[in-house]
Amino acid sequence: MMTEAPQPKQPAEQDSTTPRPVFDGASWFFVLLAAVSALLVTWIEGIGGLARAMTQSATLLMTVAPMILVGLFLGGLVKELSDPRRIAPVLGARSGWKGLVLATALGAATPGGPFAAFPIVYALSLAGADMGAVVAYLTAWSVLGLHRLVIWELPLLGSDFVVARALASLPLPLIAGFIARLLIRALPGIPIGRGRAVSGGA
Amino acid sequence: MLGALLILLVVTVPVAAFAWRRDPSTLGRAAIFTRVEFLRIAVRLPFALTAAACIAELVPERTIAAVLGPETGLAGIAAASVLGGLLPGGPIVSFPIAILFAHQGAGGPQVIAMITGWSVYAFHRVISFESPIMGWPFVGLRLAASWFVPPLAGIFAGVLAAAFGLAINIR
């Protein structure tokens with residue numbers, strides 16, 4: 001067991017079950033952004049411009065809302081089924097390309113926003129996954145994110161676009177993870193996650 | 001749109017069946033997660049989409065074509081990567097902006113670099129999640145290992161589209 005500095009607040013526990021207000025600061029940010037941009041559109045392009053924008057946003061809303069609902073349920077299932085403490089040992093520093101491929105696949109399959117992903121990332125790094133795998137996981141989650149591909153891009157940009165983007169992005173998390181491993185080897189002892197040593201575990 | 005919803009359902013139903021067989025209470029917990037997250041998104045989504053549509057309306061199509069059009073090549077891909085990293089907020093405002101830009105004349109590789117720049121550089125996410133949870137050294141390591149990803153995604157996608165005749169320029 002490695003020793004850990006006592007932490008006042010364990011970020012790994014900040015997942016979606018912790019009550020956060022539904023209407024928080026970020027929501028106000030969007031309200032403000034919408035109000036200011038709507039005013040600007042009306043001022044510069046008149047009511048016609050605003051009407052075009054509103055029609056567009058209503059169409060987008062009706063397109064994505066049902067898919068977000070199903071996508072979130074899938075996300076909830078994946079979150080319940082995957083246990084970072086069981087996965088991390090497979091992603092250790094000596095896991096080679098297999099570990100990077102697995103981390104990439106897991107990242108692509110992890111749905112949900114940063115609220116869902118970062119606690120997993122933190123738990124993975126605490127449980128002994130190496131930083132290369134963590135970087136591959138995070139890059140795959142953000143770049144490949146299958147749920148975003150299906151919810152946003154497939155209906156609004158078409159299947160050719162989705163295929164080209166997915167294929168082009170597929171090898172990139174692996175390369176990023178590999179480079180992260182090289183960097184860690186070149187600069188050992190980078191503190192990760194509030195003062196922890198990097199290459200623990202394994 | 002129906003096709004995309006169908007794909008999601010085709011994936012979700014077997015996963016749900018598997019979860020049910022392993023432990024039926026998993027479905028309930030997943031449903032609670034869904035309700036909490038959906039409520040949060042439902043509150044923001046209409047405003048985020050309105051903002052995205054208005055921003056896309058405000059940027060003249062000529063500007064979009066000049067900076068991010070298919071003919072802008074590598075310079076456009078580089079600009080799109082950086083621009084993507086600066087987009088505010090989560091996918092619910094950034095994706096619509098990228099998608100509306102695509103419909104107003106941005107090139108396919110440029111849009112792909114923009115979406116990827118948003119997801120990899122993610123300035124908003126670094127500030128609000130990554131640096132508080134993982135610390136700045138990790139942020140530095142991750143960016144040092146992945147800064148090339150957005151432009152490369154755009155370039156690869158352009159090459160693939162040319163090789164296989166994929167229509168990635170939306171307009």
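This is a predicted model: local features need pLDDT of at least 70, side-chain atom pairs count only at pLDDT 80 or more; totals for chains, interfaces and linings use all residues.
Trainee: Where do the two domains lie in chain A?

Mentor: Domain 1 covers 31-67 and domain 2 covers 82-202. Their C-alpha centres are 35 Å apart. Four residues from domain 1 of chain A and five residues from domain 2 of chain A take part in the contact.

Trainee: What area is buried between domain 1 and domain 2 of chain A?

Mentor: The general idea first. Interface size is often stated as the accessible area lost when the parts come together. Here, about 400 Å² is buried between domain 1 and domain 2 of chain A, and carbon and sulfur atoms give 90% of that. On the side of domain 1 that touches domain 2, the residues by class are three nonpolar, one polar and no charged.

Trainee: Now chain B. How many helices and strands does chain B have?

Mentor: Chain B has nine helices and zero strands. Read from the N terminus, the order is α-α-α-α-α-α-α-α-α.

Trainee: What box do the C-alpha atoms of chain B fill, and what share of its residues is buried?

Mentor: Along the principal axes, the box is roughly 55 × 40 × 35 Å. Of the 171 residues in chain B, 52% are buried, taking buried as under 20% relative accessible area.

Trainee: What share of the contacts in chain B with a separation of 6 or more comes from residues 24 or more positions apart?

Mentor: Such residues account for 71% of those contacts in chain B.

Methods: Residues are numbered from 1 along each chain as its sequence is written. Chains are lettered from A and ligands numbered from 1 in the order in which they are written. Side-chain values use heavy atoms; hydrogens and water are left out. Domain bounds come from an automatic or database domain assignment. Contact means heavy atoms within 4.5 Å. Buried area is the accessible area (1.4 Å probe) that two parts lose on being put together, summed over both. Ala, Val, Leu, Ile, Met, Phe, Trp, Tyr, Cys and Pro count as nonpolar, Asp, Glu, Lys and Arg as charged, and the others, Gly among them, as polar. Helices (H or I, at least four residues) and strands (E, at least two) are DSSP runs, numbered from the N terminus. Buried means under 20% relative accessible area, exposed over 50%, partly exposed in between (1.4 Å probe, protein chains only).
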